[in-house]
2 protein chains.
Amino acid sequence: MTEQRSTHITWHEGHVRREDRERLLGQRGVTVWLTGLSGSGKSTVAVGAERELVSRGHLAYVLDGDNIRHGLNKNLGFSPEDRSENIRRIGEVAKLFTDAGVIVFTSFISPYRADRDAVRTLMKPGDFVEVHVAADVAVCEERDVKGLYRKARAGEIPEFTGVSAPYEAPEHPELVLDTARESVEESVERLVRYLEEKGYLSA
Amino acid sequence: MTEQRSTHITWHEGHVRREDRERLLGQRGVTVWLTGLSGSGKSTVAVGAERELVSRGHLAYVLDGDNIRHGLNKNLGFSPEDRSENIRRIGEVAKLFTDAGVIVFTSFISPYRADRDAVRTLMKPGDFVEVHVAADVAVCEERDVKGLYRKARAGEIPEFTGVSAPYEAPEHPELVLDTARESVEESVERLVRYLEEKGYLSA
């Protein structure tokens, strides 16, 4: 290919580095992995933290059932293999967003330790922040915002986490949010403060 | 849950809107889908455009074989079904990046019109920009940067696009880059100018 001079483009070889995007955004890319029971407050905390960060000028994005289950993972069911593949794909997508410099929150029950640990293994140290949204099943069942616990107790939903399927709590999460005892605002504030103190909000 | 006052967090309901992120980034999220033969220059153009945009302060990101085939799509082979699923997943991920406000370039041969059109259908009008990187097979084979055409002619790679498998050119691409006749710099400049003229580089 002939070399040609261009008036506008200065040519460089290779990909933009992650650090270049992070400098542009004034933040470090990170995957904040929220795990907890249905009704524990994962999505509410994720959406609250997203809003707080964007209002401070940071680029944050939430991956949750709304944009994953009907899109990327719409061809997955609820067999053990499909549940693992569900989490694996979400982890790979979160890794791409992290590489792009985005602060990405994932909001999925993700009940199995092995699946979450596999995602952690995909990433560089510091790129994966596991947050246990730790309201226990009694609290979540009492709230039962979507009526799912009632249906699960009635046997209408098989293998419902916390009722008829296990939830394996994280052993060494970076952060625990006790959403049974603290308000959503407090949880969001603690999460954002964690990201700030660990240096994710500057580049 | 009790309402509590927080000193730092102003609480709002619901997700940040795409427009909020776009205003923050000063750009419109878009999927720029580069399609063309092996060796046509897709990746070189994608990486060049990414660099030019980031140097102008825009957030751009490339999805290509490097970050997809060994990650999200590592459990896919080369059967017709797996090839379609490969493109489908890439389309869904590109849609997420677009929703996050990112200018995402995808660099995959994506030889089948039906697969590309399915991705277009996923997106809102204007969110999907199909770019035909249109060097023909003679030019790509003469370059043969990776030695793949030689191997394909020797029968060492079955179903190689342009040699032993079809390439279905786009019928109505938003842009055609004739990388056989113009330099990489010219192609990059034309692509960036297209994005500028169509308003993607402001919010």
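How are helix 4 of chain B and helix 5 of chain B oriented to each other, roughly parallel or oblique? We will come to that pair after a look around this predicted model.

**Chain A at a glance**

Let's start with chain A. Its secondary structure consists of eight helices and five strands, and reading along the sequence gives the pattern α-β-α-β-α-α-β-α-β-α-α-β-α. Along its principal axes, the C-alpha trace of chain A spans about 70 × 35 × 25 Å. Of the 203 residues in chain A, 46% are buried. Among the contacts in chain A with a separation of 6 or more, 75% are between residues 24 or more positions apart.

Is A:L34 buried or exposed? A:L34 has 28 C-beta neighbours inside 10 Å, and therefore counts as buried. Setting aside residues up to four places away in sequence, A:L34 touches A:K42, A:V45, A:A46, A:F105, A:T106, A:S107, A:V131 and A:V133.

The table sets out their geometry.

| Helix pair | Angle between axes | Distance between axes |
|---|---|---|
| Helix 2 (residues 42-55) and helix 8 (residues 184-197) of chain A | about 60 degrees | 9 Å |
| Helix 4 (residues 80-99) and helix 5 (residues 113-122) of chain B | roughly 25 degrees | within 9 Å |

Here is the reply to the opening question. Angles under 35 degrees count as roughly parallel, and helix 4 of chain B and helix 5 of chain B are therefore roughly parallel to each other. Their crossing is right-handed. On the helix 4 side of chain B, the residues that meet helix 5 are B:S84, B:I87, B:R88, B:G91, B:E92 and B:K95, and their partners in helix 5 are B:D115, B:A118, B:V119 and B:L122. By class, this contact of helix 4 of chain B with helix 5 of chain B has four nonpolar, two polar and four charged residues.

In chain A, helix 2 and helix 8 are oblique to each other, because of the angle at which they pack. The crossing of helix 2 and helix 8 of chain A is right-handed. Helix 2 of chain A brings A:T44, A:V45, A:G48, A:A49, A:E52 and A:L53 to the meeting, while helix 8 of chain A brings A:V184, A:S187, A:V188, A:L191 and A:V192. The residues of this contact of helix 2 with helix 8 of chain A are seven nonpolar, three polar and one charged.

**Where the chains meet**

How many residues does each chain give to the contact? Chain A gives 41 residues and chain B gives 41 residues. On the side of chain A that touches chain B, at least two residues each come from helix 1 (18-25), helix 2, strand 2 (60-64), helix 3 (65-72), helix 4 (80-99) and helix 8. Helix 2 of chain A gives the most to this side, with six residues. The side of chain A that touches chain B has 18 nonpolar, twelve polar and eleven charged residues.

The same surface serves both copies, as 100% of the contact residues of chain A recur in chain B.

Note on methods. Residues are numbered from 1 along each chain as its sequence is written. Chains are lettered from A and ligands numbered from 1 in the order in which they are written. This is a predicted model: local features need pLDDT of at least 70, side-chain atom pairs count only at pLDDT 80 or more; totals for chains, interfaces and linings use all residues. Two residues are in contact if their C-beta atoms, placed from the backbone, lie within 7 Å. Axes are lines fitted to C-alpha atoms, for helices over the stretch in contact, and angles run from 0 to 180 degrees between N-to-C directions. Helices (H or I, at least four residues) and strands (E, at least two) are DSSP runs, numbered from the N terminus. Angles under 35 degrees count as roughly parallel, over 145 as roughly antiparallel, 65 to 115 as roughly perpendicular and the rest as oblique. A crossing is left-handed if the near helix is turned anticlockwise from the far one by less than a right angle, and right-handed if clockwise. Ala, Val, Leu, Ile, Met, Phe, Trp, Tyr, Cys and Pro count as nonpolar, Asp, Glu, Lys and Arg as charged, and the others, Gly among them, as polar. A residue is buried if 20 or more other C-beta atoms lie within 10 Å of its own, exposed if 12 or fewer, and partly exposed in between; C-beta atoms are placed from the backbone.
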